[in-house]
Every structure is written in structure tokens, then in C-alpha cells.
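The following report describes a predicted model of several chains, and it should be read with the coordinates open beside it.

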Number of protein chains: 6
Amino acid sequence: MPNLDPIEYEQASPVVQAVYDDIMATRNTDWVNNFWKVLAHHPANLQRIWSNIKQVMANGALDPLTKEMIYVAISITNNCGYCIASHSAGARAKGMTEAQFGELMAVVGLANETNRLAVGYGVPIDEVFKLK
Amino acid sequence: MPNLDPIEYEQASPVVQAVYDDIMATRNTDWVNNFWKVLAHHPANLQRIWSNIKQVMANGALDPLTKEMIYVAISITNNCGYCIASHSAGARAKGMTEAQFGELMAVVGLANETNRLAVGYGVPIDEVFKLK
Amino acid sequence: MPNLDPIEYEQASPVVQAVYDDIMATRNTDWVNNFWKVLAHHPANLQRIWSNIKQVMANGALDPLTKEMIYVAISITNNCGYCIASHSAGARAKGMTEAQFGELMAVVGLANETNRLAVGYGVPIDEVFKLK
Amino acid sequence: MPNLDPIEYEQASPVVQAVYDDIMATRNTDWVNNFWKVLAHHPANLQRIWSNIKQVMANGALDPLTKEMIYVAISITNNCGYCIASHSAGARAKGMTEAQFGELMAVVGLANETNRLAVGYGVPIDEVFKLK
Amino acid sequence: MPNLDPIEYEQASPVVQAVYDDIMATRNTDWVNNFWKVLAHHPANLQRIWSNIKQVMANGALDPLTKEMIYVAISITNNCGYCIASHSAGARAKGMTEAQFGELMAVVGLANETNRLAVGYGVPIDEVFKLK
Amino acid sequence: MPNLDPIEYEQASPVVQAVYDDIMATRNTDWVNNFWKVLAHHPANLQRIWSNIKQVMANGALDPLTKEMIYVAISITNNCGYCIASHSAGARAKGMTEAQFGELMAVVGLANETNRLAVGYGVPIDEVFKLK
């Protein structure tokens with residue numbers, strides 16, 4: 001029977017350790033969260049997903065805090081408890097204030113409400129929006 | 001049989017016209033998009049939802065562009081075509097660049113992927129995240 | 001290449017015709033809507049799903065209109081255009097008024113909002129609710 | 001670090017206490033469930049959401065029990081554990097019988113099944129439904 | 001107040017026992033999992049759903065392992081903890097290897113990502129796909 | 001205003017053309033479907049997603065047809081019209097028969113039903129499943 005418990009650094013293969021090392025170096029931390037330690041059971045998934053996260057969540061046209069808040073909004077909409085916990089912590093570590101979190105929650109709630117209203121009423125797209 | 005076509009200003013009741021007027025004044029525009037014109041078939045819904053949107057989407061601890069981008073991210077996750085069209089237009093009107101939209105799409109896609117991975121692997125929440 | 005166009009009565013096999021006949025007899029109508037005509041490409045699915053619908057949507061502890069309105073609420077939440085159209089028509093045929101539809105939409109929208117808030121805030125279940 | 005534990009009445013600000021008072025008066029109860037006590041961390045959200053719930057869930061064209069059952073159906077579809085617990089309790093308090101709950105579950109399950117079938121088969125909307 | 005605890009064989013009515021017997025005979029096991037023991041509170045649901053599962057999950061044009069893996073993929077996408085646990089166990093019992101599970105997770109994650117990208121970008125369906 | 005129309009090969013930058021070339025070489029075809037032509041507006045997304053798809057959908061512990069059918073199942077559950085069209089075509093090109101498609105649809109529908117039932121009933125996970 002498979003064991004999907006988190007794989008600690010000391011137990012990990014060199015391939016997995018190299019990803020853990022890169023996670024810690026990129027984030028300038030001395031620990032790795034459980035998401036990666038569980039993905040480590042399938043090193044190909046671990047390497048691929050970390051490579052994607054590293055590229056997508058880097059500073060760019062959007063700042064890292066904005067990206068984290070978008071991540072939180074989606075994680076709530078998808079009802080992923082782990083993701084809400086980890087990305088909320090990430091957003092707070094990047095400077096999200098309680099007032100910002102309160103407004104984020106308000107937008108998340110209301111967007112989910114109006115999304116259903118637009119669908120339920122079958123609102124036709126305005127011509128001006130079709131021009132993008 | 002009910003007709004849920006958008007209700008134009010000229011056809012609207014005074015109660016509905018008052019909401020349309022407030023929408024245009026708040027947004028400093030001279031038109032109202034179809035979402036409101038369809039909700040107008042049920043004036044109680046129109047008034048209540050507009051009142052919520054006006055409060056939640058106002059400038060605050062989060063700026064209006066950030067709020068619009070969060071709205072877009074949720075609308076994509078919920079698959080609401082009308083909402084994607086209207087809030088993408090809103091985000092662009094508030095200054096979202098194509099580079100920002102590209103990165104927003106990258107975060108939306110990847111968050112939806114890692115949300116499923118965290119759920120599918122049943123990743124246990126790290127103790128440090130429980131402290132929030 | 002497969003053709004999934006609706007299968008009309010005249011073109012249907014006897015097995016499919018028998019289901020169509022039962023649908024029309026049960027509903028006291030002289031036509032069959034496209035959902036069934038498309039499922040007819042896989043008669044096992046057609047028979048099984050119709051048998052379920054016939055049993056579940058019958059009058060019982062809940063009346064048929066209440067059941068149709070619940071169906072509409074779920075179809076909106078799941079964003080199924082066909083289902084919204086067909087079950088809204090069904091609810092109206094069973095007596096749903098425009099005022100009822102307006103309130104149904106209000107509940108659908110608000111439930112989707114508060115669902116996300118409860119998840120996003122990680123609200124702990126009250127002890128009294130655990131007693132059910 | 002933020003503390004999102006439920007805020008009890010005695011610890012609450014006057015603004016929050018006023019909402020708690022209105023909740024108890026409206027429901028004719030002497031307690032407030034955790035949903036509101038957690039939202040109380042952001043009083044603007046607490047006030048706004050309570051104001052919406054009070055309006056939407058009131059007796060109207062639909063009776064309160066029907067509204068609660070629709071709420072339960074959506075909460076199940078959205079997979080919100082807290083919401084299922086609280087609104088099921090609400091529905092039972094308003095008179096939902098076990099037989100009604102059993103039929104509600106049957107409709108919820110089957111609607112989620114046929115929603116996917118309609119989407120997966122790409123069923124075209126019947127002309128008669130377009131007339132609404 | 002209703003008790004939705006699993007109903008054990010000894011406590012069950014003859015109608016429920018007959019379904020349990022058929023589950024064990026069909027699966028060639030000597031126990032019944034909690035899903036059925038909870039549905040047993042509403043025997044009509046128990047009988048109907050078991051009848052569906054027995055028919056749909058049987059060997060056919062698709063083998064039982066492929067069907068279980070599809071079930072797992074959907075359960076993850078819908079975030080159903082019980083379903084992930086039970087159908088993962090089912091897939092492993094039918095021979096799913098850890099390498100297969102790793103690839104299944106990769107497909108589940110990536111499909112959820114590209115689903116959102118296709119929706120968010122509003123990709124038009126290629127003519128060749130419309131021919132099916 | 002942004003133009004998100006598909007970018008044809010002739011109009012594409014060398015970076016984009018290189019991805020198109022790799023798509024066609026990997027699939028042994030002489031055309032590229034619209035998903036990639038729209039992602040091409042953000043070459044970083046195009047390159048990253050294609051790299052993921054190429055790795056994940058390759059033959060491995062699971063065969064390509066099984067992977068495509070899992071993709072179809074998720075796309076239906078997420079209600080992505082483009083994805084249903086493109087991956088159904090992909091599955092058929094890889095040998096999916098109509099009988100297999102019919103059974104796939106049956107599993108997709110039923111899994112979505114039982115997922116909701118397990119959530120709505122709050123079924124406790126059996127101890128034997130916790131051992132995985």
C-alpha cells in the first residue's frame with residue numbers, strides 16, 4: 001500500500017533534494033512546505049510543478065503580492081483548504097494587511113454571486129465588450 | 001411568457017432609472033451594461049446587487065484594478081462568459097496591460113492545477129500555516 | 001465520425017421509441033426534448049437516466065415545482081445552459097411566477113456568495129449543528 | 001498574525017453587537033452562529049452580508065423552507081461543509097422532514113449528473129425553450 | 001433530530017440488507033463501505049444509486065480500472081474527499097500502480113489548468129472539431 | 001484594444017513558430033489547433049503550457065487514449081466547451097469507439113452524482129480507506 005506522507009529532506013532522493021534546495025534558495029527560507037514533500041512521491045510531478053510555480057509566481061508585470069491574492073481568490077472558489085492556508089500565509093508574508101484581506105474576501109464573495117446571476121439570467125454580452 | 005431582454009432606460013420604471021442613473025454617475029459613463037438591464041426585471045435584485053457592487057468595488061485597501069483582476073480570475077474559474085468579458089474590459093479600462101493579462105492568465109491556470117493536486121494528494125496543512 | 005444530432009422518433013430504434021413513448025405518456029405531452037434525443041445515441045444511458053428522472057422527479061414528499069426550482073438552482077451553479085433553459089421552462093409550466101423566479105435568483109446568488117465566505121474564512125461548525 | 005476565531009458578543013465592538021442583536025431579534029433566538037462571529041473580524045462584510053441575508057431569506061413569493069432547501073442544494077453542489085450543516089439545520093428547524101431531505105438529496109444528485117450529460121453531449125437548446 | 005450515522009447490517013431493514021448482500025456478492029467482498037451505509041437512511045436512494053453503480057461500473061467497452069481512474073479524476077476535480085479515498089482504493093485494488101497514479105495526477109492537474117486557459121482566452125472551436 | 005484572434009503561422013514570431021513546429025512534429029500533423037494559436041499572444045504561456053502537455057500526455061504508465069479520456073471527463077466536469085471538443089476529437093483519433101464514449105459519459109454523469117451525495121450526506125471515510 002502506498003504511503004503518501006510528506007517526504008523529509010533526509011529521506012529524499014538526490015533529485016528531490018535538489019528541488020527542495022532550489023525552493024529554499026528561491027524563497028530564501030530554510031524549510032519546505034508539505035505540498036512539495038507530498039508531490040515528491042512522484043519526482044516528475046515535483047520537478048514540473050515547481051518549475052512552473054517558480055516561473056509564474058516570480059516578480060513581473062504583476063507584483064508577487066497581487067499574484068498571491070489572486071491565488072487565494074481562486075483557492076477559495078475551488079474550495080481547496082490546503083491552498084487557502086498556504087497562499088493566505090504567503091500573501092500575509094508578502095505584506096497583505098487585514099484590511100486588504102477583508103476586501104479580498106468581499107470581492108471573492110460578490111464575484112461568485114454575480115457570476116451565477118449573469119449565468120442564470122443568460123445576460124447577452126454587450127457589443128462594446130465583444131470589441132474587447 | 002417572461003421576457004428577460006435588457007430593459008432600456010426609456011422603458012424602465014422610475015425605481016430602475018434611479019439605479020441606472022447612479023451606475024452612470026458612479027462610473028462617470030453615459031451607458032449601462034446589459035447585466036444591470038437584465039437584473040432590472042427584478043428591481044429588488046437590481047437595487048441590492050448594485051448597492052453591493054458599489055460598496056465592494058470602490059477604492060479602499062485594495063485598488064480598483066486589483067479588484068477587477070481578482071474578479072476576472074474568479075469569473076474564469078467559474079466559467080462565466082459574460083463576467084469574463086465585462087470584467088476584462090473593466091480591468092483594461094483601469095489600466096491592465098497585455099503583459100499583466102498574460103501573467104494573470106498564467107496564475108489562473110496554475111492555481112487551478114495546484115488546487116487539484118493539493119486536494120488529490122490530500123496534502124496535510126503545515127503546522128506553521130495553522131497559526132495563520 | 002459520430003453524429004450526435006438529436007434522433008427523431010421516426011429514425012429511432014424500437015427500444016428508443018419505447019422510452020420516448022414513456023416520456024410523453026408520463027408528461028402528458030406529444031413531444032420529447034433534445035436531451036433525450038441526444039442520449040438516444042447510447043440507449044443504455046437513455047433508459048437508465050430516464051428511469052432515474054421518472055422516479056426522482058415524481059410527486060412525493062416534495063412537490064414537483066419545488067423539485068424543478070432546486071434543479072434550476074443547481075443548473076445555474078453548475079453553469080449548464082441547456083439545463084437552465086429546460087428546467088426553467090419546466091418550473092414555469094408547473095406554475096413558477098416571475099416573482100418566485102426573482103427570489104430564486106436572489107437565493108442562488110447569495111448562497112454562492114456565502115458558500116465562498118464560509119470556506120474562505122474557514123468557519124468552524126457550531127457544536128449545535130454537529131448534533132444535526 | 002491574524003486571529004480569525006469567532007468573536008463572542010462580550011468581546012465585540014458596538015457595531016458588531018448591533019448586528020448580533022438584529023440577527024437574534026430577526027430569528028427570535030438567543031444565540032448567533034459562527035459564520036457571523038467570524039465575519040465580525042471585518043465589520044463591513046458582516047453588516048453587508050447580514051443585510052443581504054435578512055432581505056433575501058425573508059418570507060416572500062417563496063416560503064422560508066423552500067429557500068432553505070435551495071440553499072442546502074447549492075451548498076452541497078459547492079461542497080461547503082459549514083453551509084450544509086447550518087442550512088440543513090435551518091431547513092429542519094423550519095419543518096423539513098427526513099422524507100423531504102431524502103428527496104432533496106435525490107434531486108441534488110441527479111441534477112448534478114444530468115447537468116454533466118447535457119454539457120458533455122453538447123445538447124442543443126430546443127426552440128420552444130428559447131421562447132422561454 | 002436525524003441520525004445519519006452508518007447503518008450496520010444487523011440494524012438494517014430487510015430491504016437494505018438485500019442491497020448490502022448484492023453489493024457484497026457483486027464485489028466478492030464481506031463488507032460494505034460507509035457510502036452505502038449512510039444512503040441506507042433513505043432506502044429509495046440506496047436502491048437507485050446502487051442499481052446505477054452496478055450497471056455503469058461493470059466491465060464493458062471500458063475496463064473497470066479505467067472507469068475507476070476516471071472516477072478518481074472527477075472526484076478530485078469536484079473536491080470530494082470521501083470519493084477520492086474510496087475510488088483511489090478501488091483503483092489500487094484493480095491494479096493501479098504508483099506510476100499510473102502519478103501520471104493520473106499529472107493529467108488531472110494539467111487538464112484543470114488548460115480548461116481555465118481555454119475558457120479565459122475564449123478560444124474559438126476549430127472547424128475540424130465541429131465535424132466531430 | 002487587444003486582439004486575441006488566433007495567430008497563424010505566417011504571422012507568428014520565430015519563437016512562436018518554433019513551438020508550432022514542435023507541436024506538429026510531436027503529433028505528426030500539419031496543422032495546429034486554435035488553443036495554441038491564441039496562447040501565442042503570450043509566448044511565455046505558449047511555451048510553458050506546450051512543454052507541460054508534451055511531457056504529461058506522452059505515452060507512459062498510462063497509454064495516450066486513457067489520458068485523453070480522463071481529459072474529456074475533467075473537461076465535461078469543468079464545463080469547458082473548447083476542451084470537450086478538442087479532447088473528444090483527440091480520443092477518437094486515438095481509437096475511442098462510440099461504445100467507449102457512451103460508457104465514459106455514464107461514468108462522468110454518475111461520478112458527479114455520487115460525489116454530491118457523499119458530500120451532502122457527510123459520509124465518514126472508512127478506516128480501511130485511510131490506510132490507503
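## The contact between chains E and A

In this predicted model, the contact between chain E and chain A takes 5 residues from chain E and 6 residues from chain A. When the side of chain E that touches chain A is sorted by class, it is found to have 2 nonpolar, 2 polar and 1 charged residues. Only 20% of the interface residues of chain E are also interface residues in chain A, so these copies meet through different surfaces.

Chain B is superposed on chain A with an RMSD of 0.0 Å by a rotation of 180°, the shift along its axis being 0.0 Å. This is the relation of a two-fold axis, and here the same surface serves both copies, since 100% of the contact residues of chain B recur in chain A.

How many residues does the contact take from chain B and from chain A? Each of the two chains gives 54 residues to it. On the side of chain B that touches chain A, at least two residues are supplied by each of helix 2 (34-39), helix 3 (43-56), helix 4 (64-78), helix 5 (81-93) and helix 6 (98-121) of chain B. Helix 6 of chain B gives the most to that side, with 16 residues, and by class the side of chain B that touches chain A has 34 nonpolar, 16 polar and 4 charged residues.

## The fold of chain A

The secondary structure of chain A consists of 7 helices and 0 strands, so that the pattern read along the sequence is α-α-α-α-α-α-α. The radius of gyration of chain A is 19 Å, well over the 14 Å that the globule rule gives for 132 residues, and chain A is therefore more spread out than a compact globule. Its C-alpha trace spans about 55 × 35 × 30 Å along the principal axes.

Of the 132 residues in chain A, 52% are buried. Where contacts in chain A between residues at least 6 apart in sequence are considered, 54% of them join residues at least 24 apart.

## Helix 4 of chain C against helix 4 of chain D

Two packed helices are described by the angle between their axes and the distance between the axes. For helix 4 (residues 64-77) of chain C and helix 4 (residues 64-78) of chain D, the axes come within 9 Å and cross at roughly 35°, and the crossing of these two helices is right-handed.

From helix 4 of chain C, the residues that make the contact are C:Thr66, C:Met69, C:Ile70, C:Ala73, C:Ile74 and C:Thr77, while helix 4 of chain D contributes D:Thr66, D:Met69, D:Ile70, D:Ala73, D:Ile74, D:Thr77 and D:Asn78. By class, this contact of helix 4 of chain C with helix 4 of chain D has 8 nonpolar, 5 polar and no charged residues.

## F:Ile76 and its surroundings

F:Ile76 is found in helix 4 (residues 64-77) of chain F. Is F:Ile76 buried or exposed? With 30 C-beta neighbours inside 10 Å, F:Ile76 counts as buried.

If residues up to four places away in sequence are not counted, F:Ile76 touches D:Arg116, D:Val119 and D:Gly120 of chain D, together with F:Ile84 and F:Val108 of chain F. The C-alpha atoms of F:Ile76 and F:Phe101 are separated by 13 Å, these two residues being 25 residues apart along the chain.

## Two asparagines with positive phi

Most residues other than glycine have a negative phi. A:Asn28, which is not a glycine, has a positive phi of about 55°, and A:Asn28 is found in the loop between helix 1 (14-27) and helix 2 (34-39) of chain A. Because A:Asn28 has 6 C-beta neighbours inside 10 Å, this residue counts as exposed.

F:Asn79 also has a positive phi, near 65°, and lies in the loop between helix 4 and helix 5 (81-93) of chain F. With 21 other C-beta atoms within 10 Å, F:Asn79 is buried.

Key:
Residues numbered from 1 in each chain as written. Chains lettered and ligands numbered in written order. Predicted model: local features only at pLDDT ≥ 70, side-chain atom pairs only at ≥ 80, totals over all residues. Helix = DSSP H or I, 4+ residues; strand = E, 2+ residues; numbered from the N terminus. Rg over C-alpha atoms; globule rule 2.2 N^0.38 Å. Buried ≥ 20, exposed ≤ 12 C-beta atoms within 10 Å, placed from the backbone. Contact = placed C-beta atoms within 7 Å. Nonpolar A, V, L, I, M, F, W, Y, C, P; charged D, E, K, R; others polar. Axes fitted to C-alpha atoms, helices over the stretch in contact; angles between N-to-C directions. Left-handed = near helix turned anticlockwise from the far one by under 90°. Least-squares fit on C-alpha atoms with pLDDT ≥ 70 in both.
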